[in-house]
Amino acid sequence: MHTGMVLCIQDPSPLSRTKQAWVKGRGFLFNRSNQLKREIMFTKKNKHTGFTLVRKRVPYLFILPWIIGYLVFTLGPLAFSLVMSFFDWPITGDAEFVGIGNFAKMFTGDPQFYNSLLITLKFALIFVPLNLFIALLLALLITQPIKGMEIFRTIFYLPAVVSGVAVSIIWGWIFNSEYGVLNYLLSLLGMEGPRWLIDPKWAVVTIVIASAWGVGTMMLIFYTDIKGIPNELYEAASIDGAGPIRQFISVTIPSITPTILFNVITSVIAALQQLTLVLLLTGGGPLKSTYFYGLFVYNNAFKHHELGYASANAWFMFLIILLLTLLIFKTSSTWVFYETEVKKGKKGGRK
Amino acid sequence: MKITRKHKIIVYTLLVLFSLYFLFPFLWALITALKTQQEVFSYPPKFIPDAALFSNFIEAWNSQPFGVYFKNSVIVTVMTTIGQLISCSLVAYGFARYDFKFKNILFILLLSTMMIPWDVTMIPLYMEFNMFGWINTLKPLIVPAFFGSAYNIFLLRQFLMNIPKDLENAARIDGANEFQIFYKIFLPIMKGPLTLVAVLNIILVWNDYLGPLIYLSDQSKYTMALGLASFQGLHELQIIPIMAMTLVMVIPPVIVFFFAQKYIVEGLSGSIK
Amino acid sequence: MKLSKMHFFVVLLVAASLIVSACSSTGSNATKTEDGKVTLRFATWDVGDDVKLQQKLIDQFNAENKDIKVVLEAYGSEYDTKITAGMGAKDAPDVMYMWNYPQYQNALEPLDSYIKDKGEEYKENFYETLWNYNSVGEEILGLPVGYTTHVVYYNKDLFDEKGLEYPESGWTWEDFQETAEKLTDKDKKITGFAFPGQPDPYDFEMFLWGNGASYVDGEGKLEGNLNSPESIQTFEMFQSMLKEGIAITTEGWGDTEMKSGRVGMFINGAWYLSAFEEAGINYGVVEIPAFGNNESASIVSSSGIAMSKDSKHKEEAFRFMEFWTGEQANKERMSFELPVLKNVVEEEKLTEDPVKKVFYSMLEQSEGYTPTSFIIDDWSNLSEDLSLVFEQIFNPSTLMEPKKVINDVVK
């Protein structure tokens, strides 16, 4: 029944000990035979009350709000944009059916498409691991039992609270090569600062620095999860003689794999769709070095008024992201551990 | 965890270094907001303005009906947060704690809504809202939140997946119905993650600029983020009021965060023990 | 037990659908208010105090015209995104500010017949050049509201420091470069001239005009125009100023750098008059220098107002547009917009104002030039290509040879 994205743990991995301890920590390790007995009772009871039938519907009732929302607010516009991708659809004037013309133009007649795709993937390749690493590091830092931590936590989270527009303005101001404050400070140290936003080699670095500034959201998600790890786990590990690093690797990381998965996927999506910063900070330059795919789509839609072409671009990126996400989910069965699945794993991993 | 001296020194060093990176732009924004027009652009840059002009903040606030914008922003933020909390907790619970037909496909469908670039669905969505008569009202910003967002649902699902299955089984045996299990057992456990979702949503909505830009046209409906952007013309930006209002705009979410921390700290475990 | 559970979901569902239906029932009949007035939506790109002034003018119009209610909508820097979205969804404002007519022409109402009804005199009172900028082909799509030509701003203090004479009308690019060289002072981080490293191709064409060249000819052909010797010479001249270190390129338009007080000269429109004043820059303005004996020319950044083709109240909309472009409105906006009506300019003696006269003389010099964006259909794409070429020429890390990259793009 669990196919595809969420697979159960089948081999008792070295982690299963941690997992058991985790369950114990929460006081839910049931005696297995006892458990089985109860489950039998439970099923019997259901049969008598017709409960199974209702239970079949219950999950749909829970997800009903989203289904309604999807039908009302998402499906229509989505379908509309898919239709548009087969049309020459100027914002003003009449649309004209062009079949796969937009897609053909994209792959054969527009070098900018490949350029944008390439630099976006490059950016994602730098940005996603770096951001995850920093977020995790910060999350660990702010869990340290040290005085004044509320203040540091707030400081680290502060930038994530600032709107994208303001972030671009502030950083653009700081990064100005000739008269910006950053290069001035560097000059005081006797260094000649790079031309941040003018030199194509540095522009991507600039974008990374400015976007990593908002890492607080991811940090907070990790932090919430780390805070949920029962202390007993660490105690058990430290009895086994594990130092802080060992504890981090064998207790913290395995326990937060679900949120790691979440952060990986959402940051991949965010990196591949990055728009605000490049639109406002660099405008895609210098020399198109930051002309990310998101900007490519945006300009095709709002500057060139080619909605059909922009839709084709968007749907292509959609497919890439979807495939990447599915791929990550596939691999996640080997490194993401959900508490809900531990039991099945122990029962022999019915699929 | 035991804390050694060496450990403490490393932690403090890192904390201070990162604080520098995170705080410097704010500091610079604050210094800029307190300067006179002449000082702002002078080179070499001035780190201490001759006179700190706190009046810049008052001027910026009064230059537009920010009182009205603030009210609108609060309405939108509070309403969407309520909507997201209700809808996302339900939906995430459905996805995390049950097996049902088409679950995987539906879940992929849910995730896929995060992947379509906003640019191309915006115009059809605009048409739809226009058909409903919602343009130039706060509804397009509020109502969809009551039907959940993929990001929040996915996030809550990840937390819910990580709670042992025995929990609801035990409750079922005790005769609780499905909704009671959700409401009485899971919601209290999820206090930390739900607070997290609330905080993330508040910040997202508070700063949202494109949504209000597209759907609102009348100044009396504007939100804070739109007001902030109004200091930026086609040819020139008014740097002092922008910096001042950026800092003012940060205050409400930071206050929320500061107090929400305590619930987030409880993480998942809070009430299980 | 079963009931209560189902009950909850039913309530939820009903509540959800209630929200949707209750909200949609308000419907959209925004064009007429309860008291039978016609409501006109009017979009402006201005921000800040300018909007307040515009609101005052509108209040006055609304008071004078009992049957019309104009509502001002200010979109700021994302004006084009918002207008585009509105047009795409067939919900554009009735009247809107406009400059990039070719881009939006299909959504705009041609105004020729309205203007004809007003008589020749009405039309002649506007500067002729501006009608060109508010038309596409033979059709007039907007009424001129304001304009700016581009001029050289110079920092008087820096000139004084070096004991240089202020530049005067009729100077040449050779004079300009000489001046820039004298102004430059590496130790003090002072540069003679600052221009954008990614200049807007729409603006940059004026320098080619001044040298008797342009991007395209009347038929829209690049060959022999963009890559003509005069055109390439123009690019080479700008590049050589960079190479000699007497000019710098900037990330934005260069106003930030100018405001730092470390830049001698800067070329742009009237937008920065008050901004430089506020930043405490003691500046003067002068016409753009000429290539030898040619007369320099400037692009006109015009602002007009146009009517949406989909407007349901075109007659009322034009009445408002007339008011907005009339004498009184021209005078009221003088603090931030250069009047476009000849009789207002005369009455207010603007051609004698030491600053404003420069913009009017540039306007006269620029008569008869048509920007490429009004000639070819696909300007937005060409503009993007040109933009990259400019960067390759002007970016300090590439500084590519103009002749080569320009010939490449022409092909």
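Which residue just after H11(A) takes a positive phi? I looked it up in what is a predicted model: A:Gly241 does, with a phi of about 90 degrees.

I then went back into helix H11 of chain A, residues 231–239, and found A:Leu233, A:Ala236 and A:Ala237 buried. Viewed down the axis of H11(A), the buried residues fall within an arc of 100 degrees, so they line one face of the helix. A:Asn231 and A:Ile239 are exposed on the other side of H11(A).

Next I traced a sheet in chain C. It is open, has 5 strands in the order E2-E1-E3-E12-E6, and its pairing is mixed. E2 (68–74) and E6 (142–149) of chain C each have a single partner strand, so one side of each lacks a neighbour in the sheet. On average, neighbouring strands here are turned by 20 degrees against each other, direction ignored. I checked E3 (95–98) against E12 (300–307) in chain C: the two are antiparallel, with 4 bridges. C:Val95 has C:Met307 in E12(C) as its bridge partner.

For helices on this sheet, I noted H17 of chain C (residues 356–365), which touches E6 and E12 of chain C and makes about 115 degrees with the direction of E6(C). H14 of chain C (residues 314–324) lies across E1, E2, E3, E6 and E12 of chain C, at about 145 degrees to E12(C).

Last, I looked at another open sheet of 5 strands in chain C, ordered E9-E8-E10-E7-E11 with mixed pairing. Strands E9 (247–250) and E11 (283–286) of chain C stand at its edges. E8 (191–196) of chain C runs parallel to E9(C), joined by 4 bridges, and C:Ala194 stands opposite C:Ile248 in E9(C).

Note on methods. Residues numbered from 1 in each chain as written. Chains lettered and ligands numbered in written order. Predicted model: local features only at pLDDT ≥ 70, side-chain atom pairs only at ≥ 80, totals over all residues. Pairing = 2+ DSSP bridges. Buried ≥ 20, exposed ≤ 12 C-beta atoms within 10 Å, placed from the backbone. Arc of directions from axis to C-beta. Axes fitted to C-alpha atoms, helices over the stretch in contact; angles between N-to-C directions. Contact = placed C-beta atoms within 7 Å.
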